[in-house]
Structures are given as C-alpha cells and as structure tokens.
Amino acid sequence: MIFDSYAMILTSSSPSNWFMNTIAFWTFLLLGSMCIGGFFMMRKFLKVLPKADGKSKLDWQNYWVEASRHLWTDEAKTFLDQLVEPVPGPFRDIAKHSISAEIGRIAVEDKAKEVSRDHCIKGYIIATPKRDNKFLMKFLEKNKIDYSPYQHLIK
C-alpha cells in the first residue's frame with residue numbers, strides 16, 4: 001500500500017501543486033522587485049538627462065554646492081544636519097546634497113557673506129516636497145523659531 005503511493009508520486013508526469021505555487025510566488029516577487037528597482041533607476045536617469053541649457057539637474061546641484069562651499073559655517077552645517085535628521089539613513093546623504101545645493105543657490109544669488117538659518121529654511125522649503133513641510137514646522141516650533149516670514153513658500 002505504501003509502496004504504491006510512492007510509486008505513483010515518482011511516476012507522475014506533472015509537478016505537484018505546491019511546487020507550481022512556489023514558482024508562481026517567486027515569479028511575482030522577483031517581477032515586483034524589478035519593477036520597484038526600475039522605477040528608482042528611471043528617476044535617477046531622468047535627473048541625469050540634460051535640460052535645455054545643456055546641464056542636468058545633478059550638474060546644477062554639483063555646481064551650486066561647489067559655488068557655495070566657502071559660504072558654509074559650522075553653525076549652518078549643524079542646522080542642516082538637524083533638518084535632514086528624520087530622513088532615513090540610506091537616503092540622508094542624497095537629500096542633504098540636494099537641499100544644500102538649493103541653499104547654496106539662494107545664498108549665492110543673495111550675495112551673502114555666509115549661509116544663514118534664513119537661507120537654510122528657505123532652501124529646505126523649496127528643495128523638499130510639500131509633505132515634508134509638516135516636519136519643518138514642528139521642528140521650528142520646537143526650537144522656538146518664527147516661521148511666519150516663510151508662509152508664502154509653504155503654501
């Protein structure tokens with residue numbers, strides 16, 4: 001009796017259901033992972049494409065970071081570190097670079113002698129998505145910094 005069931009399993013011409021379900025599960029999992037990875041790769045690719053002026057978004061970010069490097073004080077760097085603190089670790093450096101590029105652009109265009117908190121707040125508001133402004137307002141309230149001069153940028 002036992003040998004008959006083993007013989008039937010060994011001589012079966014089609015794979016078992018659990019095996020086929022496992023293959024289907026891994027197929028969908030791998031396809032989903034590749035789609036998510038492809039989405040982020042496409043976003044990065046679009047940032048590298050040159051605009052009408054011949055430079056890409058990343059080129060401009062690097063330009064403004066280098067142009068404003070001498071304007072950054074230790075206090076401004078510390079303030080920027082506090083602003084990007086809630087960003088998850090793997091993305092923090094990239095977020096910090098893009099925000100510091102916007103802050104640098106504002107400071108250079110204002111012909112400032114150094115980057116101030118005002119430049120940091122304006123640059124953060126402009127460089128980040130609107131959903132991150134909630135964090136900024138909480139952070140400014142917690143540190144007792146008046147953000148009323150920036151209301152026009154927030155809304």
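Helices (H or I, at least four residues) and strands (E, at least two) are DSSP runs, numbered from the N terminus. The model here is predicted: local features need pLDDT of at least 70, side-chain atom pairs count only at pLDDT 80 or more, and totals for chains, interfaces and linings use all residues. Residues are numbered from 1 along each chain as its sequence is written, and side-chain values use heavy atoms, without hydrogens and water.

**Exercise 1.** Find which helices each supply at least two residues of the lining of the second largest pocket.

*Solution.* Start with the term: on a 1 Å grid over the protein atoms alone, a pocket is an open set of points where a 1.4 Å probe fits, with protein on both sides within 12 Å along at least five of seven lines, and lining residues have an atom within 4 Å of a point. Next, look at the lining, which includes Val65, Trp72, Lys77 and His97. The helices you want are α3, α4 (74-83) and α5. Finally, α5 gives the largest share, four residues.

**Exercise 2.** Work out which residues lie nearest the centre of the largest pocket.

*Solution.* This pocket has 30 lining residues, and those nearest its centre are Arg43, Lys47, Ile94, Ala95 and Ser98. Now turn to the helices: α5 brings the largest share of this lining, ten residues.

**Exercise 3.** Decide whether Asn133 is buried or exposed.

*Solution.* Asn133 has a relative accessible area of 3%, so Asn133 is buried.

Methods. Buried means under 20% relative accessible area, exposed over 50%, partly exposed in between (1.4 Å probe, protein chains only).
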